[in-house]
Amino acid sequence: MSGQCLLETKGIYKSFGPTRALVDVNLKVSRGEVRGLIGENGSGKSTICSIIAGAQTADEGEMFLRGGSFSPKGNVDAQMQGISMIVQEAGTISGITVASNIFLGNLKQFTKHGFLSVRRMNLAAKKVLEKIGVPEINPAALIDTLNFEDRKIVEIARAMYSEPEVLIIDETTTALAQKGRAIIYNMIRQMQERNKAVLFISHDLEELMEVCNTITVLRDGNLIDTLTKEEMAIGKLRRLMVGRDLSGSYYRADFDGSYGKEVVLEFNQVTTAVNVENFCAQLHKGEILGLGGLSDCGMHEIGRAAFGIDKLVTGNVRLRKDGKNLVITSPETAIKNKIGYVSKDRDKEALILTASIKDNIVSPSLPLLSKATFVSPASEKKLSQEQVKTMEIKCYSDSQYCNELSGGNKQKVVFSKWLANESEIFILDCPTRGIDVGVKANMYALMYELKKAGKSIIMISEELPELIGMSDRILILKEGVISGEFTRNEALSEHDIIECMI
Ligand SMILES: Nc1ncnc2c1ncn2[C@@H]1O[C@H](COP(=O)(O)OP(=O)(O)OP(=O)(O)O)[C@@H](O)[C@H]1O
Ligand SMILES: [Mg+2]
């Protein structure tokens, strides 16, 4: 029956030391409902969801599932009782196969007399992968051989094999390009048709309004309001989230699109092991160069090449600086020469999660801070506190570990590293992924300021409004080669760009 209450939380409280992550949260989700959850970075969205999914326990409060008391002993237990969650951060375990990742914690069904039947497990995994529409993913492959998006899709498979009644999706779509998003939307539709429920977290208000029939707004751990389809409006949602009016568009207002003549970085016939072929481009002083395309068009590989992460098959990336003409061969040379890189895959590449905010922020700046070999703790502290303040990183102190931060706040730490290091060139791969509207506005303003100050930016993005809104010039890639180039102008539309993407 549609409309019947399926899941309820009553008076949920949760604190982490001095941080009150949740305060008296009462949530009721009915069958057939797709409930959106929205709120600023650090407002408690992931925390309430991980309590429902059994990954964390509340300090106080009760939960009910199908009318009965519900207190899961862990996430596998919650999943067995009908609740699955796709987590915000990378949720696969490296070093094991796709199939083992799908059935992790639940291998018993394939075990007989203590022996695991890998064949049966792989077969079952194959079935789930086919069911969600990705027969091309091989269950026996090592998870590490998959790209970011396919790893995320494996997590979807893990959430779905148990045929959950409540599916929680924590900011997964922003990490995914078209293929993965289509899978998620399709699953949401199926859940709704089968009278089950979905909790959907996203920072994309338009996406939420499209997909959800109700949206709950959280602010500082408090449930502020729940809006029905008829009550939803972007302005209203933003106001509820931040508690004040956020007016205007967040992109830069000018359509000037001019930048310096000086070339600062040059890609010469760059060919990478996957995707990119003979890529040639120049980045200029004070330019925001947008790179767009479908997820596997090669744009992420170009970002990695510019930072010297992957070995190139042919060609090179050259830095032009003070008459120098230097080939970027490793991240070390890149950092030394003031190139900063924000990875799409921030947990794996961009942050040391088991170190403090301060240690992460100052890490690339150590040569800058150290006079000879001595690094003064005071200068480190000053540098990191400045960044915490400018970027409004939500934490109780800069000695807090990064693995305790909310997703969006981790991204801010990554950005801060390169600001603190006084980088001249910024390679930003999906820089606003998982960042709330308020902070997004700040990030864009910051990028514009950097540009005005003569810094150069390569912004790799899967979001067309962002590319159009911020770039001086946009290069679109298709299957590893440039398929279109656009200069900043008021008339540029998403439609023009999409034509060269597909
Ligand atoms: N394990 C932890 N230890 C300490 N603090 C934590 C921990 N997990 C979450 N927090 C804090 O609780 C608050 C709520 O975090 P949560 O991850 O739920 O936010 P969120 O709404 O999901 O944000 P985002 O949009 O950035 O993902 C934040 O201030 C965060 O720093
Ligand atoms: Mg979160």
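The model is predicted: local features need pLDDT of at least 70, side-chain atom pairs count only at pLDDT 80 or more, and totals for chains, interfaces and linings use all residues. Residues are numbered from 1 along each chain as its sequence is written, with chains lettered from A and ligands numbered from 1 in written order.

Q: What is a nonpolar core, and which residues have the most contacts inside the largest one?
A: A nonpolar core is a set of buried Ala, Val, Leu, Ile, Met, Phe, Trp, Tyr and Cys residues joined through C-beta atoms within 7 Å. Buried means 20 or more other C-beta atoms within 10 Å of a residue's own, placed from the backbone. Here the largest core has 66 residues, and A306, I427 and I458 have the most contacts inside it. Domain 2 (263-338 + 424-501) and domain 3 (353-421) both contribute, so this core lies between them; the domain bounds come from an automatic or database assignment. Another core, of 63 residues, lies apart from it and includes A53 and I183.

Q: How many residues surround ligand 1?
A: A residue is near a molecule if its C-beta atom, placed from the backbone, lies within 6 Å of it. For ligand 1 there are 20, and the closest are F16, N41, S46, S406 and G408. Domain 1 (5-242) and domain 3 (353-421) both give residues to this shell, so it lies between them.

Q: Is S384 buried or exposed?
A: S384 is buried, with 25 other C-beta atoms within 10 Å. Its C-alpha atom is 29 Å from that of D322, 62 residues away along the chain.

Definitions and conventions
A residue is buried if 20 or more other C-beta atoms lie within 10 Å of its own, exposed if 12 or fewer, and partly exposed in between; C-beta atoms are placed from the backbone.
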